[in-house]
Amino acid sequence: MYFVMIPETLLEKLNPDQKKAVLHPEGPAMVLAGAGSGKTTVLTTRVSWLIAEKNIKPHEILVVTFTNKAAGEIKDRIQQQTGSRLPYSGTFHSLCAKILRIDGMYIGLDQNFVIYDSGDQDQLIKNIYKSHGFDKAEFNPKAALGAISNAKNEIVSPKEYKEMATGAFQTFVGKLYTIYEAELIKAQAVDFDDLLLKTLKLLQNNETIRTKYQTLFKHVLIDEYQDTNTVQYQLSKIFAAPQNNIYVVGDFSQSIYAWRGANYKNMMQLKKDFPKITEYRLEQNYRSKQNILDAATDVISLNTSHPILKLWTEKDAGDLITCFEAEGSREEAKQVVTYIRNHVIKEGLSYSDIAILYRTNAQSREFEEALISAGIPYRLIGGTKFYERSEVKDMIAYLRYTLNQQDSVSLSRITKLGKRRLATLSAWIHKQKNAELIETDPVELLKTLLEITDYQSKYSKETEEHLQRLGNIQELLNVASQFDTPHQFLENVALIQNDYLKDALPEEENSVNLMSLHAAKGLEFTIVCMAGMEDGLLPHSRSLFDAAQMEEERRLCYVGITRAKQKLYMTHARSRFQYGTTTPAIRSRFITDISAHLIEHIGRGSSNYTDKKNNSYNGYNNYSNKERTPAYTKTRRIVPVDDDLIDGVLSGDIDIDDLVDF
């Protein structure tokens, strides 16, 4: 006997749609589960029902999730409901590692193979570059490794990659890929992509092993199916055959990881591969107020490439969505702090009930400084505090050493960044007059240091991580542009790093949550503020002339909106610092997509705007005499222009007529 709960008790808390999904009979099924619709409840109840009612043994059920946290939660829930532990429940990677430990010998893999993590991969690539004399400046190692990972996720071998390669970079990657694979084999090692790819090849090429697992797994259940890549899709089909009791749960509208290989179209392909698949829809939301859900639907319904769920709730409409337009980023951060204080002081909420979400990690800097100044504890989820990020610390070290060659701490750091860079910098410093350096505009000095050291060549636009790091460097220039001298700027940085203006605030459970929209997926908060709601930030500038990327940005916005349970704020600025100058900004098109009756506009340009210049706000930038915000009265449509956009026009990827029409 595998259960402790009778089926009636198991099912009584489900709504009608959830119950239909749980009681699905034999054969393939797809559960389209909207945000906050109880998909984990449906998945775990389905497994418990199979064990309790259908007498399926726990080891005959395969449950696949995308995070260890989700896997642990599902295992615990099922054990509570049935008293049984699932031996085959976990992530794709953990499942494949288990299979390869048992049967990897059939593809020449030693039973004691080692798994290389990202640090190990980086070191191996570094060794290959050194031993073969490859130029890191010409072909960025991180970008090359990312290309190899993408190739593996698309089931492309080194030989196939070489045959398809076009251009110098891909030609180089084809060569590197071949060497990299040979080194892994020599070391009896696999990387994380290999765990999936080698398992797929084992199952495809060895009928005995394939039949073993297909006979073992009577039911295959997969969570977050919109996040599967090509290898994972093929694995799921093999595991489910021949019974085809495949049961997937997902939401097209929450597919936001295309940049790391996820493909929501796998859910569409599943319908083609399994024509008799039964589709269930979970549209009742248990998280958010109806106004929030309606706003989310308004935004996502403009996507045309995938099905859209219309979320509804038995909760009341709730407050209107508040949209605040600030003059600049500092006022935006200040206003968000005011909202936080109001909810905590007047309503008794905890800081941990509140989240600030943004599109790029570089945006966290202004909010970190505002929260520190206000004495409000905060924590960064899935990120590092701005002034602790390695690229920010590197540039500060270069600047400090330029002003003071006796600074041994900075010298130690920049020596590790390359002796050639240091020699070039030292030669340049020797030609300068110190009296002039200390009076130089700090942003111009930083730009000069970037050029002299060629520091940005460390990072490539080929990877999302490197784009974020380049964005952080740009944000550091934005900070520097607010000061008159390098010493003023460095003193400001030191004050922030040491929480000088306030007592040190330890990171604690009761802290405001700061995170990117990508990091927010799967989480929920009572109060959510989506910051930087401007064209060029959200949607990101890279998506403005690409329909597929724009749909992904719209899904990202949808994910952000549906994190809020009770109250949603959206903030944007009329202008932001970019490249050391103040650039006008335009409100995000996603705000415009929301029905007027759902949203209240506050701030500059709204009917109830009042000048709050007399309000006291002690920020860090006490030394700055520079005017931050330009005055302009005419409404203009501004196209956010960055290097990617310019490169796109020059290369012909973006039509100049489209740019003008936009």
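Predicted model: local features only at pLDDT ≥ 70, side-chain atom pairs only at ≥ 80, totals over all residues.
K126 has a relative accessible area of 52%, and because exposed means over 50%, K126 is classed as exposed.

**Aromatic pairs**

The model has 17 aromatic pairs. Two of these pairs are set out below, with the distance between ring centres and the angle between ring planes.

| Pair | Centre to centre | Angle between planes | Type |
|---|---|---|---|
| F66 and F92 | 5.8 Å | 70° | edge-to-face |
| Y455 and Y459 | 5.7 Å | 70° | edge-to-face |

Planes over 60 degrees apart count as edge-to-face, so at 70° the rings of Y455 and Y459 fall in that class.

The partners in the pair of F66 and F92 come from separate elements. F66 is in the loop between β2 (61-65) and α4 (68-82), while F92 belongs to helix α5 (residues 92-103), so their contact ties together parts 26 residues apart in sequence. How accessible is F66? With a relative accessible area of 28%, F66 is partly exposed. F92 has a relative accessibility of 2% and is buried, because buried means under 20%. In the other pair of the table, Y455 and Y459 are both buried.

**Aromatic cluster**

Which residues form one aromatic cluster? The members are Y129, F134, F139, F169 and F172.

Notes
Residues numbered from 1 in each chain as written. Heavy atoms only, no water. Buried < 20%, exposed > 50% of the residue type's maximum accessible area, 1.4 Å probe, protein only. Phe/Tyr/Trp six-rings, centres within 6.5 Å; stacked < 30°, edge-to-face > 60°. Helix = DSSP H or I, 4+ residues; strand = E, 2+ residues; numbered from the N terminus.
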